[in-house]
Amino acid sequence: MQTNTPPRSTIRLTRRGKVALIATGAVVAATAVAVPLLSTGDGDARPTSLVVPEGWRSGQVYAAVDKALRVPAGTTKKSLAKAHLKLPVDARGNPEGYLFPATYPIGEKATPESLLTSMVDTANKKFGRAPVAAGAQHSPMNVYQAVTIASIVQAEAATEADMGKVARVVHNRLERGMPLQMDSTINYALNRSTLNTGEADTRLDSPYNSYRRMGLPPTPIANPGEEALRAAINPPPGNWLYFVTVKPGDTRFTADYEEHQRNVAEFNRRHHKSAAPAASSASPREASSTPLRTASPAVTPVASPTVSPVVSAAVTPTVTPAVTPTVTPTVTPTVIPTN
């Protein structure tokens with residue numbers, strides 16, 4: 001494995017100059033936002049608490065706050081400019097990744113701005129503590145990059161136990177100069193959540209297309225919890241480059257491409273059987289519900305003036321993506337006081 005990681009001063013996240021669709025404010029396509037609220041029991045009364053689960057995107061959080069505060073849809077997102085959130089410079093005003101998952105009390109004077117401020121302030125406290133800050137200082141990435149990796153881990157890991165290995169795959173690919181090739185980043189760009197990533201999707205012109213763009217996406221793709229962040233900062237040792245969840249509870253990690261292909265073939269056999277009854281009107285790829293990771297050679301990455309690779313090493317164009325279905329671990333709420 002190449003370990004010629006450049007000095008930290010040369011590492012930069014991709015610039016957020018393009019449309020950040022999966023951009024923090026995207027709501028999972030075709031999925032109504034289920035707002036976990038704790039109420040007083042009176043159907044007409046405003047709820048007393050709002051639960052933000054791990055892995056929610058900003059758009060889901062905005063919609064939940066709108067519903068909790070009984071304000072018109074879109075109000076919370078429009079309030080961002082007035083909230084004056086304390087975000088890192090790299091975020092460029094985008095709070096994706098910093099709307100920390102927890103349970104937030106809703107007082108009588110609560111506003112969209114006050115709730116968003118509580119979430120971001122909580123994130124800054126969590127991310128500023130050891131070992132997060134210390135871990136970032138002793139690695140070639142800053143805290144914002146660690147949060148970005150954590151958001152990918154949160155989206156890709158099928159279980160909490162797999163988070164460390166997924167994080168190690170991300171680190172290994174970055175160190176080798178390989179594209180991440182994660183379906184979760186494309187799902188973010190397309191404002192959706194699906195297991196079916198087609199070849200056309202990988203040609204998407206977006207800074208979040210990790211099949212064709214090198215390095216990390218320009219922002220986090222969700223709001224990760226503490227476990228995902230710990231995994232991103234301190235992943236276990238390993239040489240894994242690929243992973244696939246063959247069945248629930250059975251995610252297989254490997255550094256061997258041929259072994260990965262065998263694992264993918266088993267996934268396809270299982271998934272094809274479950275998807276076959278609904279395949280009559282689908283395209284051949286959709287009919288088999290086959291993720292792109294089973295396709296022939298992976299898409300050759302292209303250079304982007306807005307995206308800087310985290311590590312400038314030779315790209316391996318024959319790498320197939322390693323992606324697992326998105327599973328959000330059950331959040332263990334922590335009560336965060338609001339002002």
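**View 1. Helix α6 spans residues 143-156.** This helix has 14 residues and reaches 20 Å from its first C-alpha to its last, close to the 20 Å expected at 1.5 Å a residue. The expected span is 1.5 Å times one less than the number of residues. Helices (H or I, at least four residues) and strands (E, at least two) are DSSP runs, numbered from the N terminus. The model is predicted: local features need pLDDT of at least 70, side-chain atom pairs count only at pLDDT 80 or more, and totals for chains, interfaces and linings use all residues. Residues are numbered from 1 along each chain as its sequence is written, and side-chain values use heavy atoms, with hydrogens and water left out. Since 13 of the 14 residues of α6 are buried, the helix is largely enclosed by the rest of the structure. Buried means under 20% relative accessible area, exposed over 50%, and partly exposed in between (1.4 Å probe, protein chains only). Asn142 caps the N-terminal end of α6, with a side-chain oxygen 3.1 Å from the backbone nitrogen of Tyr144.

**View 2. The largest nonpolar core holds 58 residues.** Such a core is a set of buried Ala, Val, Leu, Ile, Met, Phe, Trp, Tyr and Cys residues joined through side-chain atoms within 4.5 Å. Tyr98, Met119, Phe127, Ile149 and Val153 touch the most other members. Two or more residues each come from α1 (58-68), α4, α6, α7 (163-175), α8 and α9. Helix α6 gives the largest share, eight residues. Met119 is in contact with Leu50, Val52, Val61, Val65, Tyr98, Leu99, Phe100 and Tyr104, leaving aside its neighbours within four places in sequence. Contact means heavy atoms within 4.5 Å.

**View 3. Phe100 and Phe127 form an edge-to-face pair.** A search of the whole structure finds seven aromatic pairs. Rings of Phe, Tyr and Trp (its six-membered ring) pair if their centres lie within 6.5 Å; planes under 30 degrees apart count as stacked, over 60 as edge-to-face and the rest as tilted. Phe100 sits in the loop between α3 (80-83) and β3 (103-105), and Phe127 in helix α4, 27 residues apart. Both Phe100 and Phe127 are buried. Ring pairs also link Tyr98, Phe100, Phe127 and Tyr144 into a cluster.

View 4. Glu113 counts as buried because its relative accessibility is 18%. Not counting residues up to four places away in sequence, Glu113 touches Ser79, Lys82 and Ala83.

**View 5. Helix α1 is largely enclosed by the rest of the structure.** Nine of its 11 residues are buried. Among them are Ser58, Gly59, Gln60, Val61 and Tyr62. Just after α1, Arg70 takes a positive phi of about 60 degrees.

**View 6. Thr197 lies in the loop between α8 (183-189) and α9 (226-233).** Its relative accessible area is 1%, so Thr197 is buried. Thr197 and Asp183 are 14 residues apart in sequence and 6.6 Å apart in space, C-alpha to C-alpha.

Technical notes:
A polar contact is a pair of N or O atoms within 3.5 Å; within protein, one must be able to donate a hydrogen and the other to accept it, and residues adjacent in sequence count only if both atoms are side-chain atoms.
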